[in-house]
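I would ask you to look at the chain on the screen while I describe how its parts are arranged.

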Amino acid sequence: MKKTVIIFIFCFVRGFAMSSQEENRWHINSSGGITWNIDSRIPHNDHIEMSGEQISTVLRYGVDEKGKFLLERSFVWPMLRTIPNNTHASLMRRFGWDIIGDMMTMNGRRVPQEKVKSITLDGVMTVESEFDIPRNGKMKLIRYLFPSTKKAAYCEKYVILNDGQESVMIEIPEARSVIKTDPEKGVDGEYEIETNVSGVRGHTLAPGESVVFYADFKAYKKGEASDPVEVEKELTGRRALIDEFWDKLILETPNHTINAMFAFAKIRAAESIYKTGGGYMHGPGGESYYAAIWANDQAEYINPFFPFLGYDTGNKSAYNSFRHFARFMNDAYKPIPSSIIAEGIDFWNGAGDRGDAAMIAYGVARYALTRGDRQEALDLWPLLEWCLEYCRRNLNEDGVVASDSDELENRFPSGNANLSTSSLYYDALVSAVYLGKDLGKPNAQLSTYKRESKELRKAIDQYFGGTVEGFNTYKYYKENDILRSWICIPLTVGIYDRKDETIKALFSPRLWTQNGLLTEAGSETFWDRSTLYALRGVFECGETAKGIDYLSYYSNQRLLGEHVPYAIEAWPEGNQRHLSGESGLYCRIITEGLFGIRPTGLSSFTLTPRLPESWDKMSLKKIKAFNKSIDIEVYQWGDKVKIEVYADNKLIKSIVEKKGKSINVAI
């Protein structure tokens, strides 16, 4: 009976995915972005985060029931610190100023009702609208909204085109306003928030003519020079950054939605890096988490991805984060803080030991291997050693790692030892053997790590393995009797002993919903991170057919549905914020799940591609890992697959192999 219910729910989900594709609000356009052509399904509102090195912007936008564009700009300046200088102490302000409706006149009158025709997202928000002018025909308006890549500024470009039959006079006043903040509330005293509108002097637009004006919002410390913002130059810079992301690590499959979702995920994963006083720091975002690093979001989630992308600033931020964590190594083996905040001058450990050493060990080992830089690996080896020793010292009498909480920080129970922490520690031990061998570390040390990994794997099964709600899977902690989404994590570290029942449990109606996995069966809470781990794990353990169905559904919903275009943090907490690390986890579904890339040395990896039966081929090109540019192409070949690997445009491996079998690749 239970098996029948599971199959029915799976068919329902597949059917829902198909119908939602027919009803998608957004579609993929010819340039690789996504566009919402406004129809009768209004009003509709959404929000998106976009970031640069000194600013992050959340645009709350929408179209009301009359077709008017709605916009509220929320700005975060991470390096303008406020008091108290804690995790959330970035200068933040919201502006709902309607520059067109409040300032612009046409033929000496207030502008008529705006009708939005389309909104496009591609790293820049582009809004196209029309105005009906009595006796004059139509005027077109195009807005371009985006953050500066380098400055503490946000930019808007406006293009007004006379698309009618008669001339129209346009007037927009120049404007400059400055807000001066309370000096008692700023770490550096008073800050100034400046808004500029370039304006349009009274100008008659003949049919077919257009005029352009600009607006910018910026903030700075009192006494600092206020450099003019060249909006056209900033737009060129933003486009160039997106092009850089999209010209590396290129996914090509028959599923255009997954291809596009992957391209968008690269943007959000890599743009949220801030140039702080403590060096480049990747930040989750969400109007809360900036100029700071976490053991899970950065060390565990995003840092292992950056070498694949080859974005230099991303690699710098990853290396820098590990160096910050290394500052807290100590001979007494007291916990490393969960988060280093305020540009690196303070820390947060409010949830105690969350298993942070295991998170850091897992991430630093995978990052160093995939990066392929021997000197960086040597620099980071002491941090890996320390974290592994910390975990060893915190093994309980049953041989698994004890901790105070987990990455959800007591939002849900995690007992005295949880499955995630021990699984990450296991993977870190395996990686340490690979890395240590290439760095020439003593055989005795590596043999110890290998033995400890085997013992830990056995302990994980004995301690956490069990029947939960009828499924022979894992208890998330010893006393756990309710299904939890993080039972997926062993599948991502090569532990497949209970994969069949674990997958059944994950995709049962107790955990799976149209929004992905519930954190705990019976709750209403979902966090995308566990869904993203689960999808990666399903591919890694060889359940390709199920994996591609659910990945297709998830990608369609997140990219083209009602809240787009990125993976989200959680709901109801945070209202589905576009935290950056989750987009990195989406990318890792492709690199480590679909293509099965597992680093085994500074210049070697195993490759276990999971080509769906419905696809004739797939490729991942311009992989920047292992100090090379690597292309991987996989083809159906009868009942086998043909795999070709290129390094710097040179074919280094071509093999026809059984489906699901791993191959070793040495660069």
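This is a predicted model: local features need pLDDT of at least 70, side-chain atom pairs count only at pLDDT 80 or more; totals for chains, interfaces and linings use all residues.

Four strands form an open sheet, in the order 8-7-13-16, with antiparallel pairing. Strands here are DSSP runs of E with at least two residues, helices are runs of H or I with at least four, and both are numbered from the N terminus. Two strands count as paired if DSSP finds at least two bridges between them. Which strands stand at the edges of this sheet? They are strand 8 (109-110) and strand 16 (200-205); each has a single partner strand, so one side of each is left without a neighbour in the sheet. Further in, strand 7 (residues 105-106) pairs with strand 13 (residues 168-172) over two bridges, in the antiparallel sense. There, T105 has E171 of strand 13 as its bridge partner.

Residues are numbered from 1 along each chain as its sequence is written, and side-chain values use heavy atoms, with hydrogens and water left out.

Let me turn to the whole chain. The protein chain has 15 helices and 36 strands. Its radius of gyration, taken over C-alpha atoms, is 26 Å, close to the 26 Å that the globule rule (2.2 Å times the number of residues to the power 0.38) gives for 667 residues, so the chain is as compact as a globular protein of that length. Buried residues, meaning those under 20% relative accessible area with a 1.4 Å probe and protein chains only, make up 62% of the 667 residues.

Next, the interior. A nonpolar core is a set of buried Ala, Val, Leu, Ile, Met, Phe, Trp, Tyr and Cys residues joined through side-chain atoms within 4.5 Å. The largest such core has 167 residues, of which Y61, I119, M125, Y586 and F595 touch the most other members. Helix 8 (residues 356-371) gives the largest share of this core, eleven residues. Apart from it lies another core, of 21 residues, including I99, I160, V197 and V200. With contact meaning heavy atoms within 4.5 Å, and neighbours within four places in sequence left aside, Y586 is in contact with residues including I258, F262, L532 and Y554.

In helix 13, 13 of its 13 residues are buried. After the helix comes G542, with a positive phi near 95 degrees.

I shall close with two covered strands. In strand 30 (residues 597-601), five of its five residues are buried. A hairpin of two residues joins strand 30 to strand 31, and four bridges link this antiparallel pair; R598 stands opposite T606.

Not counting residues up to four places away in sequence, S619 touches I250, L251, E252, F595, I632 and E633.

Terms used: Buried means under 20% relative accessible area, exposed over 50%, partly exposed in between (1.4 Å probe, protein chains only).
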